[in-house]
Amino acid sequence: MEVKLEAIFQDKIDQEIKIEPRDWMPEKYRKTLLRQISQHAHSEIVGMLPEGNWITRAPNLRRKVALLAKVQDEAGHGLYLYSAAETLGMSRDEMLNELHTGKAKYSSIFNYPTLTWADMGAIGWLVDGAAIMNQVPLCRTSYGPYARAMVRVCKEESFHQRQGYEIMLTLANGSPEQKAMAQDALYRWWWPSIMMFGPTDDNSPNSAQSMQWKIKRFSNDELRQKFIDATVPQAEILGLTIPDKDLKWNEQRGHYDFGTIDWTEFHQVVAGNGPCNKQRLKARVDSWENGAWVREAAMAFQNKDKQRQAKTEAA
């Protein structure tokens, strides 16, 4: 019976019919989606921290308002994604508990420090640029709630990427000190950004199955190459140098060749040993604990409101 159900399930996916929460799905499909969507949601809310650190130090009111709006957007993205994940049978409290205890992961990129204002530009340009490259195909992912959530997420991320690039452009065309600041940010964020796409395809055990189920539409290496091909010309317009001595255009392939990624650094950060892992996790746990009274008050109000409605109906 289950074999027949799996055949029907795969046929729907092959026909580009979205899988919805009440549809039958293999348990592994459900678990794969839960892991991916919850990790994505965690990344959005942890990703608020490096930039939130600069809201009060933005150089002018325009930059402050734009950064504040961006951080607010990231919070909204987390809410969309937690809601999508909840349709797969796990509560938001359970997902957050897994984040706070270290069981669940989030994107390694958010464990790096933001040292200067130029980092706000580099994050928008590179980190959000890499996120867009990865997330636009998710608008066509096979699971309906996830695909629909990603439509709005990607629209907002495109503004974030342009905002970041505009910051870098302003700095690159500014004083020598400002251009040096932009160059330094590019040096520090380039390699972590291209690590965002995950391990190489031959070291990514879940990719093949996710591609068959159309959770993913492109492999890690394909997305990484697309990102590099799109970003190198942008760096040339800025007049900044990408920190990769092996980077060069390959006429035969029609793509840029690039240097070897330090996967040791990537795995160290994922394992919790990055520059800011402990600080980021502590900030999230502290926020959860300090907000306990708000959740308790909201639940008390909800219960009181239900009692009031019950009395009104009884009367």
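I began with the surface: the accessible area of the protein chain comes to about 16400 Å², and carbon and sulfur atoms hold 56% of that (Shrake-Rupley method, 1.4 Å probe). I noted that this is a predicted model, where local features need pLDDT of at least 70 and side-chain atom pairs pLDDT 80 or more, while totals for chains, interfaces and linings use all residues. Side-chain values use heavy atoms, without hydrogens and water, and residues are numbered from 1 along each chain.

Next I checked the overall form. Along the principal axes, the C-alpha atoms fill a box of roughly 75 × 50 × 30 Å.

I then turned to Thr32, which sits in helix 2, residues 27-46 (helices are DSSP runs of H or I, at least four residues). Thr32 counts as buried because its relative accessibility is 11% (buried is under 20%, exposed over 50%, with a 1.4 Å probe and protein chains only). A polar atom of its side chain lies 2.7 Å from the backbone oxygen of Lys28. Leaving out residues up to four places away in sequence, I found Thr32 touching Ser210, Trp213 and Ile215 (heavy atoms within 4.5 Å).

Last, I looked at Pro59, in the loop between helix 3 (48-52) and helix 4 (61-86). Pro59 counts as exposed, because its relative accessibility is 54%.

Methods. Helix = DSSP H or I, 4+ residues; strand = E, 2+ residues; numbered from the N terminus. Polar contact = N/O pair within 3.5 Å; in protein donor to acceptor, adjacent residues only side chain to side chain.
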